[in-house]
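User: I'm new to this one and would like a close look at a single part of it. Could you walk me through the pocket side of things?

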Amino acid sequence: MNHSHTLRIQAAFRDFAKIDHWVAPHAVTLTMKQGVPVANGYRSTMAFLDADKASQNMSHFHSLLSRQVLGKPASRFGTRVRMIAVQERSKEGRLHYHALIDCPRADLQDAFPALIQDTWVRTQWGHRQNDIQSDADDGFKLYFSKLRDKPNYADAVDWTNYHNPD
């Protein structure tokens, strides 16, 4: 894929991923364990993180968070909190996520960063060093949609976990 094609994908994504209708967007950077011990008979081995496992973990996190914020409709009707997630790999090779996550409930807005943190660390691959900022805007979307740290830009947006209804 040439650079001009990648720039067109980036521009289309930035235009598509609108957050102006969100209630309380949060800018989130979620770090991930790069390996976890897995029981294997009498001894344990290490399972190492890859892009698919990272996406599955983000999906599990999204479901847990939605259930906590939205209650039974989240599991009964598949309702989820709004989220735009982008997967990146640092120069050192560590997979992590940048995301915009909306808090749809005014009564939860002060507690929402702690709720995100607590939910993330309960997932298999969730690491405890995260950055969660309230009052996010399009500037964070511009940041996490940068070209750097994305080996294949078109694959960086986690469409499985993209949820942004109007």
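How many nonpolar, polar and charged residues are in the lining of the largest pocket?

Analyst: Quick background before the count. This is a predicted model, where local features need pLDDT of at least 70 and side-chain atom pairs count only at pLDDT 80 or more, while totals for chains, interfaces and linings use all residues. Residues are numbered from 1 along each chain as its sequence is written, and side-chain values use heavy atoms, leaving out hydrogens and water.

Now your pocket. By class, its lining has six nonpolar, three polar and six charged residues. Here Ala, Val, Leu, Ile, Met, Phe, Trp, Tyr, Cys and Pro count as nonpolar, Asp, Glu, Lys and Arg as charged, and the others, Gly among them, as polar. The largest pocket holds about 250 Å³ of space. Of its 15 lining residues, A51, Q87, N152, D155 and A156 are the closest to the centre. A pocket, by the way, is an open set of points on a 1 Å grid over the protein atoms alone, where a 1.4 Å probe fits, with protein on both sides within 12 Å along at least five of seven lines; lining residues have an atom within 4 Å of a point. Grid points are joined across faces, edges and corners, and the volume is the space filled by probe spheres set on the points.

Which elements do the lining? Helix α2 (51-70), strands β4 (83-89) and β5 (95-102), and helix α6 (153-156) each supply at least two residues. Helices (H or I, at least four residues) and strands (E, at least two) are DSSP runs, numbered from the N terminus. In the whole chain there are six helices and six strands, and along the sequence they run α-β-β-β-α-α-β-β-α-β-α-α.

Strand β5 turns up again in the second largest pocket, where it gives the most to the lining, with three residues. That pocket has a volume of about 180 Å³. It is lined by 13 residues, and S90, K91, R94, H96 and D149 lie nearest its centre.

Q68 is partly exposed, at 35% relative accessible area (buried is under 20%, exposed over 50%, partly exposed in between, with a 1.4 Å probe and protein chains only). Leaving aside residues up to four places away in sequence, Q68 touches R105, L115, T119 and R122, where contact means heavy atoms within 4.5 Å. Q68 and T119 are 51 residues apart in sequence, yet their C-alpha atoms are 9.0 Å apart in space.
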